[in-house]
Amino acid sequence: MSKPTLYLQSKPEDIAKYVIFSGDPRRVEKIITQLENVTEVSVNREYHTYTGFYQGVRITVTSTGIGGPSAAIAMEEMYECGMEVAVRLGTVMGLKDNLGHFIIPSAAMRWESTSKEYVDASFPAVANHELVEIMNESVAHNNRVSENGIVCSTDGYYTQMKESRLSKKMGTDVLGTFSGLQKYNIAGMDMESGVVLTLGNLMDIKACTVTLATVLDNLKEEIPHEERIEEERILAKIVLDGLVAYDKKEKQND
Ligand SMILES: O=P(O)(O)O[C@H]1O[C@H](CO)[C@@H](O)[C@H]1O
Ligand SMILES: O=c1cc[nH]c(=O)[nH]1
């Protein structure tokens, strides 16, 4: 019998080949309401991990909290357990006129530091093309709009995404960050895509991120609360439907 992993307290037999990573543990509790025959694998720190079935496909869902370091731990431990496909399901700050859009980035800028602990900054954080296509189709089937631009992942929330009392005291140019990235045609900002896509490539597994633009730069606009609840439910359905479509395609190719 293998030992459970350190933080996600998981063994290979607990974990499906398809793993969904979601930042907020409370979002995980909502996602699993769309699954059947759900088993709690573990609830430890920010990591809430469950495995269940969606239309007959075995899927694990886990949370990673906020930021790259804890996302890397989750990716590593799921890889130890045999993960073959990793999908980050989360939210993103839109940098265009894209509030409410489903952003499935083709790649991420690696402004965060965690992925640089693994590999040089020149290594690209690219999503798996096949998964991106399948998730695009799933967005369309769910009557929503998808976008495949590049996102930027960062470590700083109150230094790069939202002005704060301290950022103002220190004269940090948060608004300048947005205009700089907009010049590069960046679709949005989050904190984990750079890590998930980089590690996915290093692990030689398939990885992508599927995100909902819930806010615009500096939180100048936000999706209203009730609408956000419904759109996050659809976000989960998009990812689950996408994984089922991927699984079907895999089986046809076998
Ligand atoms: O909604 P999640 O997946 O947590 O993602 C985003 O929300 C958090 C910041 O508000 C960061 O983790 C960011 O990447
Ligand atoms: O403020 C936000 C909201 C969603 N995602 C982020 O990364 N930041």
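**Note on the predicted model**

1. Overall make-up. The protein has 7 helices and 12 strands. The model is a predicted one. Along the principal axes, the C-alpha atoms fill a box of roughly 55 × 40 × 35 Å.

2. For 254 residues, a compact globule would have a radius of gyration near 18 Å. The protein comes out at 17 Å, which agrees. Buried residues are 48% of the 254. Take the contacts with a separation of 6 or more: 77% of them are between residues 24 or more positions apart.

3. UniProt, in an unreviewed entry, gives "domain: Nucleoside phosphorylase" for residues 17-232. That span is 31% helix and 31% strand. Its end C-alpha atoms lie 23 Å apart.

4. Shell of ligand 2. Here the residues are Thr91, Val92, Met93, Met161, Met189, Asp190, Met191, Thr214 and Val215. S5 gives the most, with 3 residues.

5. Residues listed for both ligands.

6. Strand S4. S4 spans residues 57-63 and is mostly covered, with 5 of its 7 residues buried. Strand S1 (residues 18-22) pairs with S4 in the parallel sense, over 5 bridges. Within this pairing, valine 19 stands opposite threonine 60. Strand S3 (residues 47-54) runs antiparallel to S4, joined by 6 bridges. There, threonine 49 has threonine 62 as its bridge partner.

7. The S3–S4 hairpin. How many residues lie between the two strands of this hairpin? There are 2. Glutamine 55 in the hairpin takes a positive phi, near 45 degrees.

8. Glutamine 9. This residue also has a positive phi, near 45 degrees, and is not a glycine. Glutamine 9 sits in the segment before S1. It counts as partly exposed because 17 C-beta neighbours lie inside 10 Å, and a buried residue needs 20 or more.

9. Asparagine 185. Its phi is near 65 degrees, again positive in a residue other than glycine. The residue belongs to the loop between helix H5 (174-183) and S11. Is asparagine 185 buried or exposed? It is exposed, because 10 other C-beta atoms lie within 10 Å, and the limit for exposed is 12 or fewer.

10. Threonine 33. It lies in the loop between helix H1 (25-31) and strand S2 (36-44). With 10 C-beta neighbours inside 10 Å, threonine 33 counts as exposed. Its C-alpha atom is 15 Å from that of serine 63, a residue 30 positions away along the chain.

Conventions:
Residues numbered from 1 in each chain as written. Chains lettered and ligands numbered in written order. Predicted model: local features only at pLDDT ≥ 70, side-chain atom pairs only at ≥ 80, totals over all residues. Helix = DSSP H or I, 4+ residues; strand = E, 2+ residues; numbered from the N terminus. Rg over C-alpha atoms; globule rule 2.2 N^0.38 Å. Contact = placed C-beta atoms within 7 Å. UniProt positions renumbered as here; feature names shortened; annotations may be inferred. Near = placed C-beta within 6 Å. Pairing = 2+ DSSP bridges.
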